Amino acid sequence: MTRLLDAENLRAAYRTPDGRQVFAVDGVSVHLDEGEVLGVAGESGCGKSTLGAILSLTTRPPLHVESGTLEIDGQRQELGARSKIPRTWRGSVVSLLPQGAMSSISPTMRVRDLVVDVVRAHDRSVKPDEALDRARDRLRSLDLPVRVLDSYPHQLSGGMKQRTVTVISTLLNPRLLIADEPTSALDVSSQKALIEMLLHMLEQKIMGGVVFVTHDLPVLRTVSDRIAIMYAGKIVEVGDAASITDAPRHPYSAALLGAVLVPEPRFRSMRVNGIPGSPPSLANPPSGCRFHPRCGVAYDECATTEPPHVGGDLRYSACFWAAKHPGEPVPLAAVTA
Ligand SMILES: Nc1ncnc2c1ncn2[C@@H]1O[C@H](COP(=O)(O)OP(=O)(O)OP(=O)(O)O)[C@@H](O)[C@H]1O
């Protein structure tokens with residue numbers, strides 16, 4: 001497998017009007033191989049969209065990236081206040097497929113105007129007709145109707161709007177696509193159509209890899225090769241989709257999956273009605289492991305010490321319990337605290 005993305009130690013904070021810093025992504029590393037979809041899951045407010053903004057180089061105040069590195073195809077960029085990211089990276093190396101297609105297309109522009117704007121924003125030498133030819137070819141290759149180019153956004157269905165935004169976000173063949181809740185506003189058949197289209201685009205090598213952010217675990221299980229589970233600004237577990245959903249090695253992953261998914265064989269005998277307690281405020285997160293106040297198998301050290309990463313870059317659990325129980329999935333006691 002060829003490595004596409006190594007993002008290391010990402011840290012970003014929202015600066016609040018009263019001068020505080022809320023670290024919504026705190027020491028997060030993300031790795032992706034060529035051709036992979038990495039799903040990012042977690043409860044609302046855990047920092048998923050913030051991570052997507054950092055990876056797609058679309059952060060803006062009050063969010064500030066404090067530190068981290070982004071390496072794509074071996075090209076490395078330091079992130080932070082003094083970083084100088086080449087303009088060509090946005091859109092052509094990394095691209096964002098934003099949340100809610102409705103809001104990302106201006107109602108007064110036709111789709112064709114947007115296509116021309118997006119392509120020429122990255123390369124002024126491309127003539128409008130060339131940009132439109134490129135869009136027509138892409139639409140045809142994905143079996144989408146070319147007439148969408150002449151439409152206004154309100155004339156398209158929600159599903160077609162989101163597929164169109166996806167085509168526009170990837171016209172420059174980005175190496176990495178960050179898809180932030182792309183299916184959340186869609187009905188089930190439009191979700192399926194969008195996911196099939198994304199996977200087809202990946203096969204066609206229109207993009208090199210996808211980071212797919214959503215709170216929707218059933219969708220994530222369908223689309224992802226690997227899944228990262230986020231909690232309170234940190235990734236607590238990463239692994240291939242089947243091992244995360246069938247044999248989680250972090251108590252939070254198990255609780256989240258048990259609460260949301262149709263129970264897997266291990267969980268079939270029980271139904272977890274939500275996770276006890278509520279996520280912490282990121283303005284003042286708990287010490288040690290941030291999940292320890294809600295965890296059913298926490299040790300004393302979990303309250304005081306940052307948990308170790310047990311495993312390698314592509315499959316690990318940040319957990320003292322996992323360190324003491326090599327290879328074991330977490331017990332049901334962990335999710336019934
Ligand atoms: N403008 C802001 N000022 C201060 N804190 C913020 C701001 N925007 C977001 N946050 C904080 O950052 C945290 C992460 O937000 P983010 O939107 O990345 O979470 P998320 O997991 O994507 O949630 P959701 O699924 O609801 O979109 C939130 O807990 C919130 O407290």
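**Helix H6**

I began with the buried residues of helix H6, and found Lys161, Gln162, Arg163, Thr164, Val165, Thr166, Val167, Ile168 and Ser169. I call a residue buried if 20 or more other C-beta atoms lie within 10 Å of its own, exposed if 12 or fewer, and partly exposed in between, with C-beta atoms placed from the backbone. The model is predicted: local features need pLDDT of at least 70, side-chain atom pairs count only at pLDDT 80 or more, and totals for chains, interfaces and linings use all residues. Residues are numbered from 1 along each chain as its sequence is written.

Nine of the twelve residues of H6 are buried, so the rest of the structure largely encloses this helix. Helices (H or I, at least four residues) and strands (E, at least two) are DSSP runs, numbered from the N terminus.

Next I checked the length of H6, residues 158-169. The expected span is 1.5 Å times one less than the number of residues. For H6 that gives 16 Å, and the end C-alpha atoms are 16 Å apart, which agrees.

**The open sheet**

I then traced an open sheet of four strands, in the order E2-E1-E4-E5, with antiparallel pairing. E2 and E5 are the edge strands, each pairing on one side only. From one strand to the next, the twist averages 10 degrees. Two strands count as paired if DSSP finds at least two bridges between them. Strands of a sheet pair through backbone hydrogen bonds, either parallel or antiparallel.

I looked at E1 (residues 3-15) and E4 (residues 63-72), which are joined antiparallel by eight bridges. Along this pair, Leu5 faces Ile72 of E4, and Arg11 faces Ser67 of E4.

E4 also pairs with E5 (residues 75-78), antiparallel, through four bridges. Here Leu70 has Gln77 of E5 as its bridge partner. Two residues lie between the strands in this hairpin, and Asp73 takes a positive phi near 50 degrees.

I also placed helix H1, which lies across E1, E2 and E4 and runs at about 65 degrees to E2. Axes are lines fitted to C-alpha atoms, for helices over the stretch in contact, and angles run from 0 to 180 degrees between N-to-C directions.

**Glu78**

Is Glu78 buried or exposed? I found 12 C-beta neighbours inside 10 Å, so Glu78 counts as exposed. This residue lies in strand E5. Leaving aside neighbours within four places in sequence, Glu78 is in contact with Thr69 and Ser83. Contact means C-beta atoms, placed from the backbone, within 7 Å. Ala7 is 71 residues from Glu78 along the chain, and their C-alpha atoms are separated by 9.9 Å.

**Around the ligand**

Which residues are closest to the ligand? I noted Tyr14, Ser44, Gly45, Ser49 and Thr50, in a shell of 15 residues. A residue is near a molecule or strand if its C-beta atom, placed from the backbone, lies within 6 Å of it. Strand E2 (21-33) and helix H1 (48-55) each supply at least two residues of this shell. H1 gives the largest share, three residues.

I sorted the shell into six nonpolar, eight polar and one charged. Ala, Val, Leu, Ile, Met, Phe, Trp, Tyr, Cys and Pro count as nonpolar, Asp, Glu, Lys and Arg as charged, and the others, Gly among them, as polar.

**E6 and E7**

Last, I turned to E6 (residues 94-97) and E7 (residues 176-180), which run parallel and are joined by four bridges. Ser95 has Leu177 of E7 as its bridge partner. From E6, Val94 and Leu96 point one way and Ser95 and Leu97 the other, and all are buried.

Key. Contact = placed C-beta atoms within 7 Å.
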